[in-house]
Amino acid sequence: MEHAFARRTTLAITSLFSVIGLSVALAGCGGGAGGEPPAPVPVAPPTFKGLQSFAAAAVVIGQRGFTTGEPNAGGDAPTEATLSNPGGVAVSEDGTLLISDANNRRVLGYRALPQTPGQAADFVLGQPDEPEAPEAYTSPQNISIGAGKVAVVDRLTHRILIYDAVPTDGTARPRVVVGQPNFSSRDPGCSDVNLLNPRSASITPDGKLIVADTGNSRVLIWKAVPDVHGKKADVVLGQQNFLSCESNQGNAVAARHTLSRPEGVWSDGVRLAVADWDNSRVLLWDELTMTSGQEPNRVLGQLDFDSRQSGAPAPDTLAFPRSVAWDGTHLAGSGS
(Lines give C-alpha, C1' and ligand atoms only; values in the text may rest on other atoms or scores of the structure.)
Protein backbone atom coordinates (compact mmCIF):
# COMPACT_ATOMS: atom_id res chain seq x y z
CA MET A 1 0.00 0.00 0.00
CA GLU A 2 2.78 2.40 0.97
CA HIS A 3 4.70 1.65 -2.24
CA ALA A 4 1.57 2.12 -4.34
CA PHE A 5 0.89 5.49 -2.71
CA ALA A 6 4.47 6.64 -3.31
CA ARG A 7 4.29 5.53 -6.94
CA ARG A 8 0.98 7.35 -7.56
CA THR A 9 2.20 10.48 -5.83
CA THR A 10 5.45 10.51 -7.82
CA LEU A 11 3.55 10.07 -11.10
CA ALA A 12 1.14 12.85 -10.17
CA ILE A 13 3.95 15.26 -9.29
CA THR A 14 5.88 14.38 -12.45
CA SER A 15 2.76 14.96 -14.56
CA LEU A 16 2.11 18.26 -12.83
CA PHE A 17 5.71 19.38 -13.38
CA SER A 18 5.18 18.71 -17.09
CA VAL A 19 2.09 20.92 -17.05
CA ILE A 20 3.32 23.96 -15.10
CA GLY A 21 7.10 23.81 -15.54
CA LEU A 22 9.83 24.60 -12.97
CA SER A 23 12.43 27.36 -13.04
CA VAL A 24 15.05 25.69 -10.84
CA ALA A 25 16.00 22.06 -10.18
CA LEU A 26 17.98 21.16 -7.10
CA ALA A 27 19.76 18.05 -5.85
CA GLY A 28 17.88 15.59 -3.65
CA CYS A 29 17.71 15.77 0.13
CA GLY A 30 19.38 12.44 0.98
CA GLY A 31 18.98 10.51 4.20
CA GLY A 32 19.18 11.59 7.82
CA ALA A 33 21.90 10.82 10.31
CA GLY A 34 22.65 11.51 13.95
CA GLY A 35 25.60 13.33 15.48
CA GLU A 36 27.02 16.71 14.52
CA PRO A 37 25.73 18.25 11.24
CA PRO A 38 28.32 18.08 8.46
CA ALA A 39 29.94 21.27 7.20
CA PRO A 40 28.15 22.77 4.19
CA VAL A 41 29.67 22.06 0.79
CA PRO A 42 28.82 23.34 -2.69
CA VAL A 43 26.22 21.14 -4.35
CA ALA A 44 26.90 19.69 -7.79
CA PRO A 45 24.43 20.33 -10.61
CA PRO A 46 21.49 17.92 -10.36
CA THR A 47 20.56 15.01 -12.55
CA PHE A 48 16.83 15.30 -13.17
CA LYS A 49 15.58 12.23 -15.01
CA GLY A 50 12.44 12.54 -17.11
CA LEU A 51 12.59 16.33 -17.55
CA GLN A 52 15.24 18.14 -19.58
CA SER A 53 16.15 21.81 -19.68
CA PHE A 54 13.88 23.82 -21.97
CA ALA A 55 11.47 20.90 -22.38
CA ALA A 56 8.11 21.97 -23.76
CA ALA A 57 5.08 21.79 -21.47
CA ALA A 58 2.29 19.37 -22.39
CA VAL A 59 -0.74 21.46 -21.36
CA VAL A 60 -1.40 25.05 -20.33
CA ILE A 61 -3.97 25.91 -17.65
CA GLY A 62 -5.66 29.30 -17.44
CA GLN A 63 -4.93 30.35 -21.04
CA ARG A 64 -6.33 29.34 -24.43
CA GLY A 65 -2.84 28.53 -25.70
CA PHE A 66 0.87 28.72 -24.94
CA THR A 67 1.41 32.13 -26.60
CA THR A 68 -0.97 34.17 -24.41
CA GLY A 69 -0.37 35.25 -20.83
CA GLU A 70 -2.81 37.96 -19.78
CA PRO A 71 -4.71 37.79 -16.46
CA ASN A 72 -8.03 36.04 -16.93
CA ALA A 73 -6.93 35.33 -20.54
CA GLY A 74 -7.43 39.00 -21.40
CA GLY A 75 -11.06 39.11 -20.30
CA ASP A 76 -12.69 41.60 -17.95
CA ALA A 77 -13.83 38.95 -15.49
CA PRO A 78 -12.68 35.49 -14.41
CA THR A 79 -14.26 32.38 -15.87
CA GLU A 80 -14.11 28.68 -15.02
CA ALA A 81 -11.09 28.38 -17.36
CA THR A 82 -8.97 31.44 -16.46
CA LEU A 83 -6.48 32.44 -13.78
CA SER A 84 -4.97 35.66 -12.44
CA ASN A 85 -1.72 35.33 -10.47
CA PRO A 86 -1.97 31.64 -9.51
CA GLY A 87 -0.17 31.07 -6.22
CA GLY A 88 0.02 27.33 -5.63
CA VAL A 89 -0.91 23.86 -6.86
CA ALA A 90 -1.47 20.47 -5.26
CA VAL A 91 -2.40 17.02 -6.56
CA SER A 92 -4.19 14.46 -4.40
CA GLU A 93 -3.58 10.71 -4.41
CA ASP A 94 -6.64 10.18 -6.62
CA GLY A 95 -5.53 12.83 -9.14
CA THR A 96 -7.61 15.81 -7.99
CA LEU A 97 -5.81 19.05 -8.92
CA LEU A 98 -6.26 22.22 -6.83
CA ILE A 99 -4.91 25.60 -8.04
CA SER A 100 -4.98 28.78 -5.95
CA ASP A 101 -6.11 31.70 -8.10
CA ALA A 102 -4.84 34.51 -5.87
CA ASN A 103 -6.09 37.67 -7.58
CA ASN A 104 -9.50 36.10 -8.16
CA ARG A 105 -9.65 35.08 -4.48
CA ARG A 106 -10.49 31.47 -5.17
CA VAL A 107 -9.21 27.92 -5.59
CA LEU A 108 -10.09 26.04 -8.78
CA GLY A 109 -10.58 22.29 -8.61
CA TYR A 110 -10.09 19.70 -11.36
CA ARG A 111 -11.16 16.12 -10.68
CA ALA A 112 -8.35 14.95 -12.98
CA LEU A 113 -5.26 16.56 -14.48
CA PRO A 114 -6.30 18.66 -17.50
CA GLN A 115 -5.59 17.14 -20.89
CA THR A 116 -6.40 20.09 -23.18
CA PRO A 117 -5.28 23.76 -23.17
CA GLY A 118 -7.58 26.12 -21.31
CA GLN A 119 -9.68 23.32 -19.85
CA ALA A 120 -12.46 24.55 -17.52
CA ALA A 121 -12.32 23.73 -13.83
CA ASP A 122 -14.86 21.35 -12.34
CA PHE A 123 -15.53 23.39 -9.19
CA VAL A 124 -14.46 26.48 -7.25
CA LEU A 125 -13.71 27.11 -3.57
CA GLY A 126 -13.52 30.34 -1.60
CA GLN A 127 -16.18 32.27 -3.50
CA PRO A 128 -19.35 31.89 -1.41
CA ASP A 129 -22.50 33.91 -2.02
CA GLU A 130 -21.59 36.18 0.91
CA PRO A 131 -18.18 37.88 0.38
CA GLU A 132 -17.63 38.14 4.14
CA ALA A 133 -18.39 34.48 4.82
CA PRO A 134 -15.82 32.71 7.02
CA GLU A 135 -14.66 30.49 4.17
CA ALA A 136 -14.10 33.38 1.73
CA TYR A 137 -10.49 33.74 0.55
CA THR A 138 -8.63 37.04 0.31
CA SER A 139 -5.32 35.96 -1.24
CA PRO A 140 -4.98 32.16 -1.43
CA GLN A 141 -1.41 30.99 -1.93
CA ASN A 142 0.17 27.58 -1.43
CA ILE A 143 -1.99 24.45 -1.10
CA SER A 144 -0.93 21.21 0.58
CA ILE A 145 -2.63 17.80 0.60
CA GLY A 146 -1.58 15.16 3.12
CA ALA A 147 -2.87 12.70 5.71
CA GLY A 148 -6.34 12.98 4.14
CA LYS A 149 -6.55 16.75 4.75
CA VAL A 150 -6.04 19.94 2.75
CA ALA A 151 -4.39 23.19 3.90
CA VAL A 152 -4.92 26.45 1.98
CA VAL A 153 -2.74 29.43 2.88
CA ASP A 154 -4.77 32.67 2.85
CA ARG A 155 -1.92 35.17 3.06
CA LEU A 156 -3.61 38.54 3.59
CA THR A 157 -5.88 37.23 6.34
CA HIS A 158 -2.84 35.72 8.12
CA ARG A 159 -4.32 32.26 8.37
CA ILE A 160 -4.37 28.68 7.10
CA LEU A 161 -7.70 27.01 6.31
CA ILE A 162 -7.91 23.27 6.94
CA TYR A 163 -10.32 20.95 5.10
CA ASP A 164 -10.98 17.51 6.59
CA ALA A 165 -10.98 15.87 3.15
CA VAL A 166 -10.00 16.64 -0.43
CA PRO A 167 -12.88 18.73 -1.88
CA THR A 168 -14.83 17.16 -4.70
CA ASP A 169 -17.20 20.06 -5.40
CA GLY A 170 -17.90 23.65 -4.43
CA THR A 171 -19.89 22.78 -1.32
CA ALA A 172 -16.73 21.88 0.63
CA ARG A 173 -16.02 24.16 3.59
CA PRO A 174 -12.93 24.41 5.84
CA ARG A 175 -13.39 23.07 9.37
CA VAL A 176 -10.46 24.63 11.22
CA VAL A 177 -8.51 27.87 10.98
CA VAL A 178 -4.82 28.07 11.96
CA GLY A 179 -3.29 31.42 12.92
CA GLN A 180 -6.54 32.94 14.17
CA PRO A 181 -8.85 32.22 17.14
CA ASN A 182 -11.88 31.89 14.83
CA PHE A 183 -12.96 32.27 11.20
CA SER A 184 -13.96 35.92 11.68
CA SER A 185 -10.59 37.12 12.97
CA ARG A 186 -8.04 38.52 10.51
CA ASP A 187 -5.37 39.93 12.88
CA PRO A 188 -1.61 39.48 12.25
CA GLY A 189 0.73 38.78 15.12
CA CYS A 190 3.93 37.26 16.46
CA SER A 191 3.14 34.49 18.94
CA ASP A 192 2.72 30.72 19.12
CA VAL A 193 -0.78 31.20 17.65
CA ASN A 194 -0.63 34.10 15.21
CA LEU A 195 0.88 34.42 11.73
CA LEU A 196 1.99 37.31 9.51
CA ASN A 197 1.55 36.95 5.74
CA PRO A 198 2.25 33.19 5.56
CA ARG A 199 3.16 31.91 2.10
CA SER A 200 3.35 28.13 2.31
CA ALA A 201 2.21 25.12 4.31
CA SER A 202 2.99 21.42 4.17
CA ILE A 203 0.90 18.59 5.63
CA THR A 204 3.19 15.61 6.02
CA PRO A 205 2.08 12.01 5.39
CA ASP A 206 2.15 11.37 9.16
CA GLY A 207 -0.05 14.40 9.87
CA LYS A 208 2.28 17.23 10.90
CA LEU A 209 1.54 20.77 9.76
CA ILE A 210 4.55 22.91 8.78
CA VAL A 211 4.05 26.59 7.90
CA ALA A 212 6.35 29.20 6.36
CA ASP A 213 5.35 32.21 8.47
CA THR A 214 6.95 34.56 5.98
CA GLY A 215 6.32 37.95 7.56
CA ASN A 216 7.66 36.70 10.89
CA SER A 217 10.80 35.14 9.31
CA ARG A 218 10.22 31.73 10.84
CA VAL A 219 8.84 28.24 10.29
CA LEU A 220 6.19 26.92 12.67
CA ILE A 221 5.41 23.23 13.20
CA TRP A 222 2.35 21.58 14.70
CA LYS A 223 2.98 17.95 15.63
CA ALA A 224 -0.54 17.16 14.43
CA VAL A 225 -2.78 19.10 12.06
CA PRO A 226 -4.89 21.25 14.42
CA ASP A 227 -8.46 20.11 15.01
CA VAL A 228 -9.51 23.29 16.85
CA HIS A 229 -9.22 26.97 15.93
CA GLY A 230 -6.17 28.92 17.03
CA LYS A 231 -4.13 26.00 18.33
CA LYS A 232 -0.62 26.89 19.52
CA ALA A 233 2.37 25.75 17.46
CA ASP A 234 4.70 23.17 19.03
CA VAL A 235 7.99 24.12 17.35
CA VAL A 236 9.58 27.29 15.94
CA LEU A 237 12.59 27.33 13.60
CA GLY A 238 14.61 30.39 12.63
CA GLN A 239 13.87 32.35 15.80
CA GLN A 240 14.96 32.20 19.44
CA ASN A 241 11.38 31.83 20.68
CA PHE A 242 7.76 32.35 19.66
CA LEU A 243 7.91 36.08 20.44
CA SER A 244 10.98 36.75 18.27
CA CYS A 245 10.08 37.60 14.66
CA GLU A 246 12.82 39.77 13.11
CA SER A 247 14.55 38.93 9.85
CA ASN A 248 17.72 36.94 10.60
CA GLN A 249 16.97 37.56 14.27
CA GLY A 250 17.71 41.26 13.86
CA ASN A 251 21.10 40.83 12.16
CA ALA A 252 22.14 42.13 8.76
CA VAL A 253 23.71 38.79 7.80
CA ALA A 254 22.36 35.26 7.59
CA ALA A 255 23.37 32.47 9.94
CA ARG A 256 22.77 28.75 10.28
CA HIS A 257 20.03 29.31 12.88
CA THR A 258 18.19 32.19 11.17
CA LEU A 259 15.63 32.78 8.42
CA SER A 260 14.60 35.83 6.45
CA ARG A 261 11.13 35.75 4.90
CA PRO A 262 10.94 32.02 4.09
CA GLU A 263 8.37 31.36 1.37
CA GLY A 264 8.35 27.62 0.67
CA VAL A 265 8.36 24.49 2.82
CA TRP A 266 8.35 20.79 2.02
CA SER A 267 8.55 17.83 4.41
CA ASP A 268 7.89 14.10 4.46
CA GLY A 269 7.62 14.19 8.25
CA VAL A 270 11.31 13.38 8.75
CA ARG A 271 13.21 15.66 6.41
CA LEU A 272 12.49 19.35 5.87
CA ALA A 273 13.37 21.76 3.06
CA VAL A 274 12.80 25.51 3.40
CA ALA A 275 13.09 28.10 0.62
CA ASP A 276 14.67 30.95 2.58
CA TRP A 277 13.65 33.67 0.12
CA ASP A 278 15.44 36.78 1.32
CA ASN A 279 18.64 34.84 2.05
CA SER A 280 18.62 33.33 -1.48
CA ARG A 281 19.07 29.77 -0.26
CA VAL A 282 17.33 26.50 0.48
CA LEU A 283 17.97 24.96 3.90
CA LEU A 284 17.80 21.20 4.47
CA TRP A 285 17.12 19.33 7.71
CA ASP A 286 18.04 15.65 7.34
CA GLU A 287 16.08 14.55 10.40
CA LEU A 288 13.59 16.67 12.35
CA THR A 289 13.94 16.36 16.11
CA MET A 290 10.73 18.38 16.65
CA THR A 291 12.52 20.74 19.03
CA SER A 292 12.56 24.52 18.61
CA GLY A 293 15.75 26.07 17.27
CA GLN A 294 17.04 22.94 15.51
CA GLU A 295 19.64 24.00 12.95
CA PRO A 296 19.67 22.75 9.34
CA ASN A 297 22.23 20.22 8.13
CA ARG A 298 22.89 21.66 4.68
CA VAL A 299 22.46 24.73 2.54
CA LEU A 300 21.82 24.98 -1.21
CA GLY A 301 22.48 28.09 -3.27
CA GLN A 302 25.23 29.50 -1.04
CA LEU A 303 28.80 28.47 -0.23
CA ASP A 304 28.12 28.55 3.52
CA PHE A 305 25.45 29.38 6.09
CA ASP A 306 26.68 32.96 6.54
CA SER A 307 26.32 34.00 2.88
CA ARG A 308 23.23 35.47 1.23
CA GLN A 309 24.44 36.44 -2.25
CA SER A 310 21.97 36.65 -5.15
CA GLY A 311 24.36 37.14 -8.06
CA ALA A 312 24.50 35.80 -11.59
CA PRO A 313 22.69 32.49 -12.21
CA ALA A 314 24.81 29.33 -12.11
CA PRO A 315 24.16 25.63 -11.43
CA ASP A 316 24.96 26.08 -7.73
CA THR A 317 23.37 29.48 -7.00
CA LEU A 318 19.89 30.71 -6.13
CA ALA A 319 18.18 34.10 -6.17
CA PHE A 320 15.10 34.47 -4.01
CA PRO A 321 13.68 30.91 -4.17
CA ARG A 322 9.95 30.74 -3.49
CA SER A 323 8.97 27.06 -3.37
CA VAL A 324 10.29 23.53 -3.01
CA ALA A 325 8.87 20.09 -3.88
CA TRP A 326 10.12 16.51 -3.85
CA ASP A 327 9.14 13.54 -6.04
CA GLY A 328 10.84 10.81 -4.01
CA THR A 329 14.23 11.19 -5.68
CA HIS A 330 14.79 14.83 -6.59
CA LEU A 331 14.18 18.16 -4.91
CA ALA A 332 12.93 20.93 -7.18
CA GLY A 333 12.06 24.55 -6.62
CA SER A 334 11.01 27.78 -8.30
CA GLY A 335 12.45 31.25 -7.84
CA SER A 336 11.82 34.86 -8.67
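**Entry 1**

I began at Val211, which stands opposite Leu220 in strand 12. The model is a predicted one, in which local features need pLDDT of at least 70 and side-chain atom pairs count only at pLDDT 80 or more, while totals for chains, interfaces and linings use all residues. Residues are numbered from 1 along each chain as its sequence is written, and side-chain values use heavy atoms, with hydrogens and water left out.

I noted that strand 11 (residues 209-213) and strand 12 (residues 218-222) pair in the antiparallel sense over 5 bridges. Strands are DSSP runs of E, at least two residues, numbered from the N terminus, and two of them pair if DSSP finds at least two bridges between them. I then followed the open sheet of 4 strands, whose order is 10-11-12-13 with antiparallel pairing. Strand 10 (200-203) and strand 13 (235-237) are at the edges with a single partner strand each, so one side of each has no neighbour in the sheet.

**Entry 2: confidence**

I looked up the pLDDT (the predictor's confidence in each residue, from 0 to 100). The protein averages 87, and 84% of the residues score at least 70. Over residues 1-35 the pLDDT is below 50. Residues 40-46 also have a pLDDT below 50.

**Entry 3: Ser267**

I located Ser267 in strand 14 (residues 262-267). Its relative accessibility is 4%, so Ser267 counts as buried; buried means under 20% relative accessible area, exposed over 50%, partly exposed in between (1.4 Å probe, protein chains only). A polar atom of the Ser267 side chain lies 3.0 Å from the backbone nitrogen of Gly269. The backbone oxygen of Arg271 lies 2.6 Å from a polar atom of that side chain.

**Entry 4: salt bridges**

I found 14 salt bridges in the structure, each a side-chain nitrogen of Lys or Arg within 4 Å of a carboxyl oxygen of Asp or Glu. In one of them, Arg106 meets Asp101 with the closest N and O atoms 2.7 Å apart; both residues are buried.

Asp164 forms a salt bridge with Arg175, with 2.4 Å between the closest N and O atoms. Both residues lie in the loop between strand 8 (159-163) and strand 9 (176-178), so the pair ties together parts 11 residues apart in sequence. Asp164 is partly exposed at 37%, and Arg175 is partly exposed at 42%.

Asp286 is buried, with a relative accessible area of 8%, whereas Arg298 is partly exposed at 24%.

Methods. Contact means heavy atoms within 4.5 Å. A polar contact is a pair of N or O atoms within 3.5 Å; within protein, one must be able to donate a hydrogen and the other to accept it, and residues adjacent in sequence count only if both atoms are side-chain atoms.
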